[in-house]
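Hi,

Here is the model I said I'd pass on. Have a look at it first, and then read my notes below.

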Amino acid sequence: MAQGNNYGQTSNGVADESPNMLVYRKMEDVIARMQDEKNGIPIRTVKSFLSKIPSVFSGSDIVQWLIKNLTIEDPAVYLCKRTMQNKARLELADYEAESLARLQRAFARKWEFIFMQAEAQAKVDKKRDKIERKILDSQERAFWDVHRPVPGCVNTTEVDIKKSSRMRNPHKTRKSVYGLQNDIRSHSPTHTPTPETKPPTEDELHQQIKYWQIQLDRHRLKMSKVADSLLSYTEQYVEYDPFLVPPDPSNPWLSDDTTFWELEASKEPSQQRVKRWGFGMDEALKDPVGREQFLKFLESEFSSENLRFWLAVEDLKKRPIREVPSRVQEIWQEFLAPGAPSAINLDSKSYDKTTQNVKEPGRYTFEDAQEHIYKLMKSDSYPRFIRSSAYQELLQAKKKRSHERLLHALLSPRAFV
């Protein structure tokens with residue numbers, strides 16, 4: 001008879017009731033409710049110019065469904081109710097006060113409704129008998145201590161507490177029935193005692209020392225700095241995320257209006273596109289208009305050969321393999337050969353390696369030279385481009401045009417209909 005483990009069951013056929021499995025079942029239940037035809041996430045078919053796109057939904061649909069169908073504001077109601085009760089006995093701890101403030105910011109729009117719920121529950125509790133009220137308070141507090149534990153404690157709804165304990169202290173000792181302090185595995189018939197490890201040799205110690213020295217020399221960042229950089233990145237790009245900020249004009253995936261795509265491909269960039277060039281050199285190089293403006297600026301400073309070389313190498317990587325050898329020679333003769341008409345400045349190491357690579361041409365022959373030129377532009381040419389009057393004037397002109405368009409939309413007759 002074939003042997004196999006069913007999902008959610010152990011090898012002996014008993015249902016797995018571990019915390020992880022309970023979480024997986026909850027996730028499955030939520031996904032099944034999302035897929036429900038009547039009460040699930042609304043899925044629509046979007047008509048494009050010559051085709052139809054079936055089964056379309058947006059991120060905002062998911063967020064709205066979760067807010068409507070999951071009681072994610074329950075912790076807020078509980079903490080808010082705690083602030084209305086006996087403060088001497090039910091005063092909020094520091095981490096609970098921080099959680100309440102965070103939830104109040106998250107549910108700012110519906111906080112009045114949450115406060116009313118908490119107030120109604122507090123009134124009902126006051127009508128109960130004193131002993132019954134204490135029992136219910138203790139039960140409720142125990143429930144939230146388990147599902148929203150103190151920071152630093154193991155969340156038993158997500159992690160098996162026994163497994164976590166074993167991982168933290170794998171060689172825990174206990175007193176055996178014979179009165180001896182031994183490893184708990186030594187008396188188990190399923191575990192054999194591990195052999196004694198030999199002390200490391202001199203060569204092994206030297207290798208360990210070398211390894212840890214390498215680890216000490218590695219560049220590391222504090223978690224707080226990583227979090228700060230992630231937050232700043234999110235704040236910088238939030239207006240470009242259609243899931244968080246509705247695009248203007250409307251999302252073409254959800255409507256028949258293709259104006260958004262036409263503006264993205266237009267040679268007349270919007271204020272948002274011009275502003276994005278200032279986020280980094282990659283943003284300027286990704287945008288065809290940004291690339292063109294950057295090239296014009298470099299031409300005005302008589303240093304356009306750097307960007308033209310970088311673009312030529314990018315084009316080389318996309319060429320068919322049969323065209324690569326001839327194109328490599330053309331780039332070499334134009335930018336790197338002695339007496340080249342558009343000579344670029346390379347360090348000796350990059351130049352020597354590129355000279356060797358040209359003898360066996362390939363798509364990545366100029367990889368080292370391209371990287372050197374990229375760093376040179378990023379540290380020198382690009383900051384001057386962002387500070388230049390040409391970029392600042394373009395940015396201000398687009399801001400003014402965007403402001404005028406907004407005023408026109410507000411003052412148009414349709415706005416008062």
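What share of the 417 residues in the protein chain is buried? Buried residues make up 25% of them, where buried means under 20% relative accessible area, exposed means over 50%, and partly exposed is in between (1.4 Å probe, protein chains only).

Before the details, a word on the ground rules. This is a predicted model, where local features need pLDDT of at least 70 and side-chain atom pairs count only at pLDDT 80 or more, while totals for chains, interfaces and linings use all residues. Residues are numbered from 1 along each chain as its sequence is written, and side-chain values use heavy atoms, with hydrogens and water left out.

On confidence: pLDDT is the predictor's confidence in each residue, from 0 to 100. Its mean for the protein chain is 77, and 77% of the residues reach 70 or more. Two stretches to treat with care are residues 1-5, where pLDDT stays under 50 and the model has two contacts beyond four places in sequence, and residues 170-192, also under 50, with 17 such contacts. Contact here means heavy atoms within 4.5 Å.

Now the overall build. The chain has 19 helices and four strands; these are DSSP runs numbered from the N terminus, with helices (H or I) of at least four residues and strands (E) of at least two. Of the contacts between residues at least 6 apart in sequence, 52% join residues at least 24 apart. The accessible surface is about 31,100 Å², with 55% of that belonging to carbon and sulfur atoms (Shrake-Rupley method, 1.4 Å probe; for residues, only the protein chains shown count as cover).

The largest nonpolar core has 35 residues, and Phe-294, Phe-309, Leu-336 and Phe-366 have the most contacts inside it. By nonpolar core I mean a set of buried Ala, Val, Leu, Ile, Met, Phe, Trp, Tyr and Cys residues joined through side-chain atoms within 4.5 Å. The elements giving two or more residues to this core include H14 (288-300), H15 (305-317), H16 (324-336) and H18 (367-387). H18 provides the largest share, seven residues. If you click on Phe-366, its contacts beyond four places in sequence include Phe-309, Val-313, Trp-332 and Leu-336. Apart from this core lies another, of 13 residues, with Leu-92, Leu-103, Phe-107 and Trp-144 among them.

An α-helix has 3.6 residues a turn, so residues three or four places apart point the same way.

Lys-123 sits in H6 and counts as exposed, at 53% relative accessibility. Asp-315 is in H15 and counts as partly exposed, at 32%. Ser-304 is in the loop between H14 and H15 and counts as buried, at 10%; beyond four places in sequence, Ser-304 is in contact with Leu-295, Leu-298 and Glu-299.

Cheers
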